[in-house]
Amino acid sequence: MELNKEQIKKIDSFLEAIGVEYIDIRFEMVDHIASEIEDNVEDIDSFFREDGFQTHFIKFMLSKKESLLQKYRAQEKNLNLFFIKSFCKSIVKTLLTPITLTTSLFLIFITTKLGHTYFKELSILFITLTFLMHINTSIKINVFMKKYHEIKFISFYMILISMLSLLIMIFPSFIHVFVEGNYSTTALNKSLFTLLVTGIVHLNFYHKSKIVIERFKHLIQ
């Protein structure tokens, strides 16, 4: 039996009350605790039924208070590493989805078969798609950050998108290719690589933001 929104909110409120401030880490802890309760408690409604400090849920959470705080402090100290690990895992999952694999293989196939003949046209297409995707996601991140400014992973993605901006401008050499017109198969391959990297990162952001909006919107005031 899955926990309802009110029960999940109680877990979140308890964690926030004992000092778990970073909402990203709290999301992970809420999810872990909810799964533990779902797997080990038969009568979940009775488990959460209010009875002062005799409530089974309160006793359960108080018994875990110190270990939860230790886990939080450890994650807080390694927050950047936490985001990087989470990001890498998500990137792998995104990369292995059917739509990502199919699209990537299709673009690689097109580049391999037509790259030597249409390297100029394909370079322009790939760079244009990369820029449009980048601008679209940058706007979405800014809008998302204004609404969910408490969420630390947004700051992480802001830094990541800024780094991607440099990749887009430097690696395929935007000026060298797009302005000066120095097209080549090498520039085409770089443009394709940048498009694929940008696409995977942006798809990953959409997936993360969807989790925040759909699954945890009741936790954000």
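Q: Why is Val92 called partly exposed, rather than buried or exposed?
A: Val92 has a relative accessible area of 46%. Buried means under 20%, exposed means over 50%, and partly exposed is what lies in between (1.4 Å probe, protein chains only). Since 46% falls in that middle band, Val92 is partly exposed. One thing to keep in mind: this is a predicted model, where local features need pLDDT of at least 70, side-chain atom pairs count only at pLDDT 80 or more, and totals for chains, interfaces and linings use all residues. Residues are numbered from 1 along each chain as its sequence is written, and side-chain values use heavy atoms, with hydrogens and water left out.

Q: How many helices and strands does the protein have, and what counts as one?
A: There are 11 helices and 0 strands. These are DSSP runs numbered from the N terminus: a helix (H or I) needs at least four residues, a strand (E) at least two.

Q: How do you know whether Thr111 is buried or exposed?
A: The relative accessible area of Thr111 is 7%. That is under the 20% limit, so Thr111 is buried. Thr111 is found in helix H7. Skipping its neighbours within four places in sequence, Thr111 is in contact (heavy atoms within 4.5 Å) with Leu122, Phe126, Leu188, Asn189 and Leu192. Take Leu122: it sits 11 residues from Thr111 in sequence, and their C-alpha atoms are 7.7 Å apart.

Q: And why is His202 called buried?
A: His202 has a relative accessible area of 1%, so it too falls under the 20% cut-off. His202 belongs to helix H11 (residues 185–216). Not counting residues up to four places away, His202 touches Met133, His134, Thr137, Ile161 and Leu164. Across the whole protein, buried residues make up 40% of the 221 residues.

Q: What makes Asp12 and Lys9 a salt bridge?
A: The rule asks for a side-chain nitrogen of Lys or Arg within 4 Å of a carboxyl oxygen of Asp or Glu. Asp12 and Lys9 come to 3.9 Å, N to O, which is within that limit. They are 3 residues apart in helix H1 (residues 5–17), which means about one helical turn separates them. Asp12 has 0% relative accessibility and counts as buried, whereas Lys9 is partly exposed at 23%.

Q: What else does Asp12 pair with, and how do you know?
A: Arg26 forms a salt bridge with Asp12, with the closest N and O atoms 2.6 Å apart. Arg26 lies in helix H2 and Asp12 in helix H1, so this pair ties together parts 14 residues apart in sequence. Arg26 is buried, at 4%. Lys9, Asp12 and Arg26 are linked in a network of salt bridges.

Q: What makes Glu36 and Lys64 count as a salt bridge?
A: Their closest N and O atoms are 3.2 Å apart, within the 4 Å limit. The pair links distant parts of the chain, 28 residues apart: Glu36 is in helix H2, and Lys64 is in the loop between helix H4 (56–63) and H5. Glu36, at 24% relative accessibility, is partly exposed, and so is Lys64 at 21%. The total by this rule is 3 salt bridges.

Q: Which residues make H2 and H5 meet?
A: From H2 there are Ile25, Met29, His32 and Ile33, and they meet Leu68, Lys71, Tyr72, Gln75 and Glu76 in H5.
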